[in-house]
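Reader: Could you walk me through this model, beginning with the ligand site and then moving outwards?
Author: Gladly; here are the sequence and structure.

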Amino acid sequence: NRQLVWLRSDLRCADNPALHTALAKGPVIACFVLSPAQWQQHDDAACKVDFWLRNLTALQVELAALNIPLKLLDCPLWQDLPSALLCFCQQHEISAVHVNHEYPVNEQTRDARCAEALGQHGIGFYPQHGNALAAPGSVLTNAGGVFKVFSQFRKCLFKHWEISGTPTPLPYPQAQAPLPISSDAVPSQVAGFAKPSQALIDLWPAGSAAAHERLRQFTEQHLHAYKDQRDLPALPGTSQLSAYLVAGVLSLRQCLYSAQMANQGHYADGSAGAVHWISELIWREFYLHITAGYPRVSRHRAFRPETELVAWRDAPDDLAAWQQGRTGVPIVDAAMRQLLATGWMHNRLRMISAMFLTKNLLIDWREGERWFMQHLIDGDLAANNGGWQWSASTGTDAAPYFRVFNPVSQSQRNDPDGAFIRHWLPELNSLDNKAIHQPPQGLFAPSGYPAPIVDLASSRERAIAAFQALPKAS
Ligand code: FAD
C-alpha cells in the first residue's frame, strides 16, 4: 500500500496536505521530477532552478528524519511524464500518488494526463489545494463566477473565515518506519541553467529553517510598520518571502497564521501593518484563483480581450536599454539592476518599471513578463502575469490606462534621499537629493550615465492615445 508524494512547488514537510494525507494511508516515498527542457520553455530563471535544488537538498534532510526516501525522476519534457511516472510507480509498487495542485494550464494538463495514465493501471491520483488559502472555485460571486475585483474577492474570503475560521497549518508529520529504499543525490546544478553568483545565493538561504527564521524576524521587527514602509525600496520594509512562497518552502497558511498570532488573532482589525500584509498574501491568493479560473492568462492572452489590439511598439533598442538598466531614468535603472544582481525586485519598483515599459516605451507587457520570469527567483506565472497585466492596464482589476505613474515623482516620493538609486547606480552618487531623480543633461550630465531614452510627458500622452484608440469592450 505504498504512497508516493510527488513534490513540486510545495518543497516542505510542515503544512503539506499531500504529504500529510499520504502518511495517513501507508508507507511514503517522495519524488521530484527534473524537467530542464520544460523549465526552459516556461522561462524559469537559473537562480530559481538553483533555489529549487538547494531547497530540495535541505528538504531531503528533513525527509530523512521522517524515514521518507526522496527519489529524483529525469523527465525533460512533461509530455513524457505520464509514462515515466507510471513506470516509476510500477517499479516501486506505488498504489497512490499525492500532490498539491498547481493552477497554470500546462501544469493542469500534465496532472490530468498523469492521473489518466495511472488510473488505467489502478493507481490513484489525489490532488489537494495545499498552496492556497481556499480551494479555487470555492470563493465565488453570487452568480457563481470567479471574482475579477480584488476587494470583492477579499470580502467574500473574509465572510468564509467569519463562518469557518481562518485556515490553520497542519501539524508537523510523525516519522514513519524506515523503508528499504535509498534516496537519490540531489544535483547541485542541471544542464541549461547557470549557477548564480555566490552573492545572489547568499541572499536566499535555502530550507524551511531559513524561511521560518525570515518569517519570524519579519513579523517581530517589520510587520507593524509594514503599511508605512512597504513602498520604500531602500528599507527592509517587506518580508522578502516571495521566493519561499513560490517554491512552497513556506505556505500561505503559515504566513497568515504568523501574522494573526502577531495581531491577537485578528486578520481584518488591529495592527494596520498586519492587516495590510495579510491583504498582500490575499493578492497572491487572488491571482491563483484567477489563473485557475481563466486559462487564457496562462496562454499569454490579455485578460481584457479588447486590449489585444493595443499598437505596441517594436523597439528592440529601447527594450534592451530597459532590460539592462540603461534607460536614463534612475529609479527604473536602479530597479532593473537590482533584479539582475539579486533575482528579486521590490514591489513598488516592479510596478514603476512595468509601467515605464508598457506605457512610456509602449512595449508589449509580454516582453516584460518574460524578462522578469527569466530573472526572478520568485518568478510565478500567476503573480507575474497578474502584476504585468495590472501595470499594462490589460488585466483584471488593473490600473486604469490613463493613470500612468510618473517615474520621477514616484522616485521622489518613495526614495526621497535617493539611497536606493545611489546603491545601484554609483555613477550618480555625486548628485544631490533633488538631481538624483532626474539627472541634469548637457554640460552637467553625470559621466557614464545615459540621457533619458524617452520624453516622459509626450510618451505618456502617446500611451493614453493608444488605449483611447481601442474599440470599447462589449
Ligand atoms: P511582501 O510585501 O512581504 O508581501 C508578502 C507576500 O505577499 C509576498 O511574498 C507575495 O507572495 C504576496 N504578494 C505581495 N504583493 C503581491 C502582489 N501584488 N501580487 C501577488 N502576490 C503578492 N510576486 C511573485 O511572487 N512572483 C512574481 O513573479 C511576481 N511578479 C510581479 C510582477 C509585477 C510587474 C508586479 C507589479 C508584481 C509582481 N509580484 C510577483 C508581486 C510582488 O511584487 C511580490 O510578490 C513582492 O514584491 C515580493 O516581495 P515580498 O516577499 O517582500 O512581499
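**Around the ligand**

Author: Of the 28 residues around the ligand, T238, S239, S242, N384 and G387 come nearest, where a residue is near a molecule or strand if its C-beta atom, placed from the backbone, lies within 6 Å of it. This is a predicted model, in which local features need pLDDT of at least 70 and side-chain atom pairs count only at pLDDT 80 or more, while totals for chains, interfaces and linings use all residues. Residues are numbered from 1 along each chain as its sequence is written.

Reader: Which helix gives the largest share of the shell around the ligand?
Author: That is α17, with six residues. At least two shell residues each come from α10 (242–247), α12, α15 (347–360) and α17 (381–391); helices (H or I, at least four residues) and strands (E, at least two) are DSSP runs, numbered from the N terminus.

Reader: And how do the shell residues divide by class?
Author: They divide into 12 nonpolar, 10 polar and six charged, with Ala, Val, Leu, Ile, Met, Phe, Trp, Tyr, Cys and Pro counted as nonpolar, Asp, Glu, Lys and Arg as charged, and the others, Gly among them, as polar.

Reader: Where does the ligand lie relative to the domains?
Author: It lies between domain 2 (132–167 + 207–293) and domain 3 (305–468), because both give residues to the shell around the ligand. The domain bounds come from an automatic or database domain assignment, which also gives domain 1 (2–128).

Reader: What about domain 1 and domain 2, how many residues are in contact there?
Author: On the domain 1 side 13 residues are in contact with 15 residues of domain 2, contact meaning that the C-beta atoms of two residues, placed from the backbone, lie within 7 Å. By class, the side of domain 1 that touches domain 2 has seven nonpolar, two polar and four charged residues. The C-alpha centres of these two domains, domain 1 and domain 2, lie 26 Å apart.

Reader: What does UniProt list for residues 1–133?
Author: An unreviewed UniProt entry lists them as "domain: Photolyase/cryptochrome alpha/beta"; its positions are given in the numbering used here, feature names are shortened, and annotations may be inferred rather than shown by experiment. In the model, the span 1–133 is 46% helix and 23% strand, and its end C-alpha atoms lie 30 Å apart.

Reader: Switching to β1, which strands is it joined to?
Author: Five bridges join β1 to β2 (residues 28–34), and that pair runs parallel; four bridges join β1 to β4 (residues 94–100), again parallel. Two strands pair if DSSP finds at least two bridges between them. Within these pairings, L4 stands opposite I29 in β2, and R2 stands opposite I94 in β4.

Reader: Is β1 enclosed or open?
Author: Largely enclosed by the rest of the structure, because five of its six residues are buried. A residue is buried if 20 or more other C-beta atoms lie within 10 Å of its own, exposed if 12 or fewer, and partly exposed in between, with C-beta atoms placed from the backbone.

Reader: What is the phi of D15?
Author: D15 has a positive phi of about 50° although it is not a glycine, whereas most residues other than glycine have a negative phi. D15 sits in the loop between β1 (2–7) and α1 (17–25), and D15 is buried, with 25 other C-beta atoms within 10 Å.

Reader: And Q264, buried or exposed?
Author: Q264 is exposed, with 10 other C-beta atoms within 10 Å. Q264 also has a positive phi of about 50° without being a glycine, and lies in the loop between α11 (252–261) and α12 (272–293).
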